[in-house]
Amino acid sequence: RHYALLDDPLHVGLGAAKAKLNQLHREMASFQEVHVHHESEYVTIHRVHPETRQGVLLIAHCAFGGASEQAPFENPRLYGTAVTPELAYRLRPAAENTGKSEDGILHGLPAELEELDAPGIIQAADERGTYTELRLPRGFGPGSVLAVRTRLTDFRPDLDWKIRTCADEAASNLDLGALNVALFRCDAEERDTTGDGAYTVPGVGALAYCGLQGWHAHLQHIIPQNDLGHPLCGHLRQGCWALDYVSARLRKHTEYPQLVALADWFDERWALVKRVPNFLVPRYFALTMHTAYQALVRRALRLMPGAIVGRSRFTNQLALTSVQLVGHVRSAGLWPQNTGCSMSAGLPHFSTHHMRCWGRDVFIALEGLLLATGRFAEARDHILSFGSTLKHGLIPNLLDSGRLPRYNARDATWFWLQAVQSYCKMSDEGLDFLDVQVERRFPDGETFVEWNSDDAYSKSSSIGELVQEIMQRHAQGIEFREWNAGVNLDSQMRDEGFNIKVQVDFERTGFVSGGSRWNCGTWMDKMGSSDKAGIRGVPATPRDGADIEIVGLQKSTLRWLAELNRDNGFPYSGVTAADGARITYVQWDQLVQDSFEKHFWVPEDAADDAEYNVNPGLVSRRGIYRDTFGSSTEWADYQFRPNIAVAMAVAPELFDMDHAISCLHTMGTVLVAPLGMRTLDPRDMRYRPNYDNSNDSSDPLVAHGINYHQGPEWLWPIGYYLRARLTFLHKLVLANSPEASTKALRTVYHELHANMVNLKHHISTSSFAGLPELTNQNGSYCRDSCETQAWSGGCLLMALHEMSKLEATVHDALAQSAD
């Protein structure tokens, strides 16, 4: 069908109005900023030129079915704006004609265009300044439209330029501690330091952070989508409270006086932004915050000289979690009286007081968050602080600023030793670090004294001496009852659980083992707390015996110390066992090497069981490494868990290469999840993949979140898993020709990067800008998880660090093959 030809289109139907609207469209081609508002039956559209700030405001009264002549409409107030009428029309359809035609030609709906009076323009003022109020003309019913031109009366044409200037200068004196304040700080951290909390935006809620990242989490979506209808934009149009908060909180952090310059930078720009009309405040707030955010991020990345920093957007995001999780809070530092910056295990749950600094968490995360990023001073401080509290031959699980540290972890000590080894290898200080003196919180290493007594810190030991003390105490056997044992220390634990015991089996294996069925000395440390389910004081995963990751860390330390002693870098050649026998580090290292496969490998073929220490009746999956050896509950030894990856990454020499590659394949198909790794084989009868700490049922397998490590998918092991894959696949391909090796390694790198796709998406979209502690089944959200966890980001960053080193090897090999 065809449209009818019109002899005088400007005087038929809406022709005259359409001509004026078309002219406006041509003029507005460069008016790229658009604000759309819907109210009752009205739609308001304001298009503005991004530089001149001239605009056109259009109001339309829609003629949908049931539209009313008297539909309510709040007259818009345009602050600091001059308004000039442009057009006002109403289209009235002819009631007697439906517009239907029998000639096959479209004639349109017969209608009459009525030109309306100009809208009312009222000049007034209130506490926010002068404004122009726009009032609808008489007869502005359904089918009406009006347009006015707008022009700011007190506008700086160079405002965009002014806002963008000098941000780098304002950030130039900030160190990483000050940047932690400027960019991050969760609600609890802020309250601990200044007494104030995170900003609450109506319709959004409290921001994840008090610093700029809290705002950036929303602005990064608002800006590209021009989402001026977002609740944050509405809040900014209503008042300047958010602007005042941003700069005022910086001035309250008196521990960082250099933040005053940044606060001054903000206030200078806020003074200008407060003069623009309220509808423009969101734009200039976003521009100011984005400019400052980018400057602060650039400054933070420049202060982290690690080779991994700057390699990709993802590595930069992970590096920034180092800034995010290491900061100053008054209630939790590294020393009783000199707080300084300390590492949070995770936010927001582990942010202040004694729950902030965990031994195992810090030293699992330290290699990635601090060493790989080049933050050697902070890494050194954490090693020295925890080393100063050595007691019973153990590094504490909870530091509590050195005041009342708790020694209920068997693994924290070995992760500390691994961190010492890594620091010596990666820092410029090297082995000289072993000679650094540390004042001892407990001078004799055994007896409790108050932190502010004359005895505390009255004796010093070198880092090397602390290392030897740890090895000697383990060799002789560790047995003690926790200081202050009872409900004041742990309200859930049974009395037997406070008895700590660790020993080494020098007769058979050389493995460090310990614990009991009443305590949980490794990272899988969930203690039962439900009376209804009858599990109060019953650990979900005691993992007593020899744990595979501790054996791996032990082997790494023994290898290192044997090599150092051989090369005259460590004066101690070995230890004395409880029976008085002398064992060198070389001998102890070899004993563990010779024992590992026999006691941990579960062969794929049952016919091979006789060659290994296997109870066939308890095997549920073959071709894997056991989780523990010598547990009081023997079936628990055979559980399939991701702890294998830790041992593979730190002590690959323990593993038969074929066995390791087979096991890694099974881990990839069974344990690897969308973001992290399942903490238990789904085939296991105790597998419960969804963690809910508030579960108040009588089910002993899930009540009060007892299944914390019985299937939920933790992120930190994925870093060790990727490192293990890289190590063993690299060994495998190097056994081939150089050409085949380089081609295979390229495939390995592509596979490893593919594993990170979901992780990259998560960190880019998370309001906390980090990787979580854990997820529930198949990567689903877990409300009880920390939103950002130190070891989650740290372990992945270390995996990327190792990958980058091997990439250099691959590139060299490719260059040589090309020659």
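**Exercise 1.** In what order do the three strands β19, β20 and β21 form their open sheet?

Solution. Keep in mind that this is a predicted model.
- Step 1: the order is β19-β20-β21, with antiparallel pairing.
- Step 2: look at the edges. β19 (478-481) and β21 (512-514) each have a single partner strand, so one side of each lacks a neighbour in the sheet.
- Step 3: going from one strand to the next, the twist averages 15 degrees.
- Step 4: zoom in on β20 (residues 499-504), which pairs with β21 over three bridges. Gln503, for example, has Ser513 in β21 as its bridge partner.

**Exercise 2.** Work out what lines the second largest pocket, and which strand supplies the largest share of that lining.

Solution. 
- Step 1: the volume of this pocket is about 650 Å³.
- Step 2: 21 residues line the pocket, and His35, His37, Pro76, Arg237 and Asn278 are the closest to its centre.
- Step 3: sort the lining by type, and you get eight nonpolar, eight polar and five charged residues.
- Step 4: sort by element. β2 (33-39), β3 (42-48), β4 (55-61), β5 (77-79) and α7 (231-238) each bring at least two residues, and the largest share, four residues, belongs to β2.

**Exercise 3.** Classify two aromatic pairs, Phe184 with Tyr209 and Phe266 with Trp270.

Solution. 
- Step 1: recall that a ring pair is described by the distance of the centres and the angle of the planes.
- Step 2: for Phe184 and Tyr209, the values are 5.3 Å centre to centre and 75 degrees between the planes, so with the cut-off of over 60 the pair is edge-to-face.
- Step 3: Phe184 is in the loop between α4 (176-183) and α5 (187-193), and Tyr209 is in the loop between β13 (205-206) and α6 (212-225), so the pair ties together parts 25 residues apart in sequence.
- Step 4: check burial. Phe184 is buried at 3% relative accessible area, and Tyr209 is buried at 0%.
- Step 5: now Phe266 and Trp270. Their centres are 5.6 Å apart and their planes at 25 degrees, so this pair is stacked. The two residues are four apart in helix α9 (residues 259-273), about one helical turn.

Conventions. Residues are numbered from 1 along each chain as its sequence is written. This is a predicted model: local features need pLDDT of at least 70, side-chain atom pairs count only at pLDDT 80 or more; totals for chains, interfaces and linings use all residues. Side-chain values use heavy atoms; hydrogens and water are left out. Two strands pair if DSSP finds at least two bridges between them. Axes are lines fitted to C-alpha atoms, for helices over the stretch in contact, and angles run from 0 to 180 degrees between N-to-C directions. On a 1 Å grid over the protein atoms alone, a cavity is a set of points where a 1.4 Å probe fits but cannot get out, and a pocket is an open set with protein on both sides within 12 Å along at least five of seven lines; lining residues have an atom within 4 Å of a point. Grid points are joined across faces, edges and corners, and a volume is the space filled by probe spheres set on the points. Ala, Val, Leu, Ile, Met, Phe, Trp, Tyr, Cys and Pro count as nonpolar, Asp, Glu, Lys and Arg as charged, and the others, Gly among them, as polar. Rings of Phe, Tyr and Trp (its six-membered ring) pair if their centres lie within 6.5 Å; planes under 30 degrees apart count as stacked, over 60 as edge-to-face and the rest as tilted. Buried means under 20% relative accessible area, exposed over 50%, partly exposed in between (1.4 Å probe, protein chains only).
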